[in-house]
Amino acid sequence: MEVALPTGSVVVSTALHQAVDPWAVMALAHGAGAGMDHPFLLGLGEGCARQGVSVVRFAFPYAQAGRKMPGPASHAIAAWAAVEAAARRTAPGVPFVAAGKSYGGRMASMAAAEGAITPAALVYLGYPLHPPGAPEKLRAAHLPQIAVPQLFVEGTNDPFIQPHEQYDQALSGCRDATTVWIGGATHSFEIKGRRRPADQIGGELSDHVVPWLRRRL
């Protein structure tokens with residue numbers, strides 16, 4: 001997939017989980033510290049595709065270049081604009097959904113708030129409300145600008161959303177926001193005392209995401 005950056009166009013990798021007779025198509029972005037082929041995303045993509053939602057995974061330009069630290073937000077937003085066009089070509093005529101793990105979801109929300117993408121809904125898998133231990137550095141001022149439904153899938157033990165009272169307050173200004181709480185889960189949705197491979201964790205989360213999409217779309 002070609003992404004038009006201010007410094008010139010770059011090509012990034014994509015992968016498709018094709019649903020049979022899809023009723024929606026979802027672009028799924030990776031987090032800051034893991035690439036598009038992380039088992040969590042593979043499991044989530046396969047789980048959604050089995051339930052009728054085609055999923056397009058993609059790499060942000062910095063990850064495609066082999067860098068570990070995210071580049072400018074404008075580069076991620078440009079990638080989101082490109083993947084929306086690609087996803088709509090993949091599954092024309094069905095609603096487009098933007099989803100992402102942590103950083104990837106936050107970049108989707110910024111792209112939607114700026115009007116760079118026009119999804120029918122947004123899904124955040126562990127929204128990074130602030131850096132761990134720094135609740136004063138909120139990343140939520142743009143969320144009330146988003147008019148479409150937003151689903152926040154959050155672990156109750158995720159340090160990126162502590163304290164929960166602050167999280168609730170940050171989302172209170174959103175027009176249409178729903179939270180699904182995963183009891184005992186961390187930022188990676190691991191649960192103490194319940195060891196599971198990452199692809200299984202992602203697959204299980206699809207059972208929360210897809211029913212919500214069916215209701216809202």
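In this predicted model, helix α3 (residues 73–90) packs against helix α4 (residues 103–114) at an angle of about 80°, and the two axes lie 9 Å apart. Because angles of 65 to 115 degrees count as roughly perpendicular, α3 and α4 are roughly perpendicular to each other. On the α3 side the contact is made by Ala73, Ala76, Ile77 and Trp80, while α4 contributes Tyr103, Gly104, Met107, Ala108, Met110, Ala111 and Glu114. Sorted by class, this contact of α3 with α4 comprises 9 nonpolar, 1 polar and 1 charged residues.

**The sheet**

An open sheet is formed by 7 strands, arranged in the order β3-β5-β4-β6-β7-β8-β9, with mixed pairing. Its edge strands are β3 (14–17) and β9 (177–182), each of which pairs on one side only. From one strand to the next, the twist averages 20°. Strands of a sheet pair through backbone hydrogen bonds, in either the parallel or the antiparallel sense. Here, strand β4 (residues 24–29) and strand β5 (residues 53–58) are paired in the parallel sense over 6 bridges. Methionine 26 has valine 55, in β5, as its bridge partner.

**Helices across the sheet**

| Helix | Strands it lies across | Direction |
|---|---|---|
| α1 (residues 39–50) | β3, β4, β5, β6 (96–101) and β7 (121–125) | about 155° to β5 |
| α6 (residues 198–216) | β4, β5, β6, β7, β8 (150–155) and β9 | about 165° to β7 |

**The largest pocket**

Helices α1 and α6 also take part in the largest pocket, each supplying at least two residues of its lining. The volume of this pocket is about 250 Å³. Its lining consists of 17 residues, and those nearest the pocket centre are Ala34, His38, Phe40, Lys101 and Ser188. By class, the lining of the largest pocket has 7 nonpolar, 7 polar and 3 charged residues.

**Backbone exceptions**

Most residues other than glycine have a negative phi, and most peptide bonds are trans. Aspartate 21, which is not a glycine, has a positive phi of about 50°. Aspartate 21 belongs to the loop between β3 and β4, and β3 is one of the edge strands of the sheet. The other place is the peptide bond between glutamine 162 and proline 163, which is cis, with omega about 0°. Proline 163 is located in the loop between β8 and α5 (164–171).

Technical notes:
Residues numbered from 1 in each chain as written. Predicted model: local features only at pLDDT ≥ 70, side-chain atom pairs only at ≥ 80, totals over all residues. Heavy atoms only, no water. Axes fitted to C-alpha atoms, helices over the stretch in contact; angles between N-to-C directions. Helix = DSSP H or I, 4+ residues; strand = E, 2+ residues; numbered from the N terminus. Parallel < 35°, antiparallel > 145°, perpendicular 65-115°, else oblique. Contact = heavy atoms within 4.5 Å. Nonpolar A, V, L, I, M, F, W, Y, C, P; charged D, E, K, R; others polar. Pairing = 2+ DSSP bridges. 1 Å grid on protein atoms, 1.4 Å probe; cavity = no way out; pocket = protein on both sides within 12 Å on 5 of 7 lines; lining within 4 Å. Points joined across faces, edges and corners; volume = space filled by probe spheres on them.
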